[in-house]
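Here's a quick briefing to read with the structure open beside you. Take it one topic at a time and find each residue as you go.

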Amino acid sequence: MDVCLSSEQQPGRLGEGPSSPDGWLEAEEETVQKDGTSGPTGDFNSIEPSLHSLQKFVPTNYASYTQENYLFAGKKIVVQESIESYGAVVWPGAMALCQYLEEHTEELNFQDAKILEIGAGPGLVSIVASILGAQVTATDLPDVLGNLQHNLLKNTLAHTAHLPEVKELVWGEGLEQNFPKSTFYYDYVLASDVVYHHYCLDKLLSTMAHLCQPGTVLLWANKFRFSTDYEFLDKFKQVFDTTFLAEFPESSVKIFKGTLKWD
């Protein structure tokens, strides 16, 4: 997500430690070969296009970062976060959605599935989806993409079947231009903690609808804080056939499945 209200410790987080703002370079430096090109040694030709798609954005230079450790899908995941940006912190909905994905791996069957995440933030959900075998497109606002790119690269390069892609997505803007329905199809659209007290909820709903086509499953996890969250849920049910999937009372997170209604 790009903005939220508060951070809290959640199960699945293994620990933390300080990191410098320059830490985002580590993953790319580890893949630089002696000839100066980027990519894992011995497999550069096959990985190069995807790798370059993950090296487009420069991280915001926050004064301080932490390295947060998570464990999902049998893998240790290291995520660079900063409390200076709501979009650089893992929120409760992301934790709950990762747990749900982990516990329903066979049912969801992410292997080679095409997935887009709305409001990916620091990228934990996209990383877990990639580990589970999906072809992931992680999206968010421009100022978030550098840190998102770093975290995806650090945790997926040479560890997943498909390197994820990072794309800018401003809710309600340039949707047909940047994500034309004629050429973009996703098996799943994922969203966590994208609903809170802000003024873009109608644009968010229209974006969700645009990204879904017949057969697309939208998985939405959210911490319910305000009456506006429930108001959005009512509007969501008008646009999507909605199934309640799970609830995490300790964090007030609910998870829903939606499939777009068609006339």
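How many of the eight residues of helix α5 (residues 124–131) are buried? Eight of the eight are, so to speak, tucked away: helix α5 is mostly covered. Keep in mind that you're looking at a predicted model.

**Helix α5**
- The buried residues of α5 are L124, V125, S126, I127, V128, A129, S130 and I131.
- Just after α5 comes G133, which takes a positive phi of about 105°.

- In soluble globular proteins, nonpolar side chains tend to be buried together.
- The largest nonpolar core here has 40 residues, and those touching the most other members are I77, L101, F110, I115, L124, Y188 and L190.
- Leaving out residues up to four places away in sequence, L190 touches L97, L101, I115, L116, E117, I118, V125, A129 and L219.
- There's also a second, separate core of 27 residues, with I118, V189, V194 and F236 among them.

**Helices α8 and α9**
- Helix α8 (residues 201–211) packs with helix α9 (residues 227–239) at an angle of about 30°, and their axes are 11 Å apart.
- That angle is under 35 degrees, and α8 and α9 are therefore roughly parallel to each other.
- Their crossing, α8 with α9, is right-handed.
- On the α8 side, L201, D202, L204, L205, M208 and A209 meet T228, F232, K235, F236 and V239 from α9.
- The residues of this contact are eight nonpolar, one polar and two charged.

How values were computed: Residues numbered from 1 in each chain as written. Predicted model: local features only at pLDDT ≥ 70, side-chain atom pairs only at ≥ 80, totals over all residues. Heavy atoms only, no water. Axes fitted to C-alpha atoms, helices over the stretch in contact; angles between N-to-C directions. Helix = DSSP H or I, 4+ residues; strand = E, 2+ residues; numbered from the N terminus. Parallel < 35°, antiparallel > 145°, perpendicular 65-115°, else oblique. Left-handed = near helix turned anticlockwise from the far one by under 90°. Contact = heavy atoms within 4.5 Å. Nonpolar A, V, L, I, M, F, W, Y, C, P; charged D, E, K, R; others polar. Core = buried A, V, L, I, M, F, W, Y, C linked by side-chain atoms within 4.5 Å. Buried < 20%, exposed > 50% of the residue type's maximum accessible area, 1.4 Å probe, protein only.
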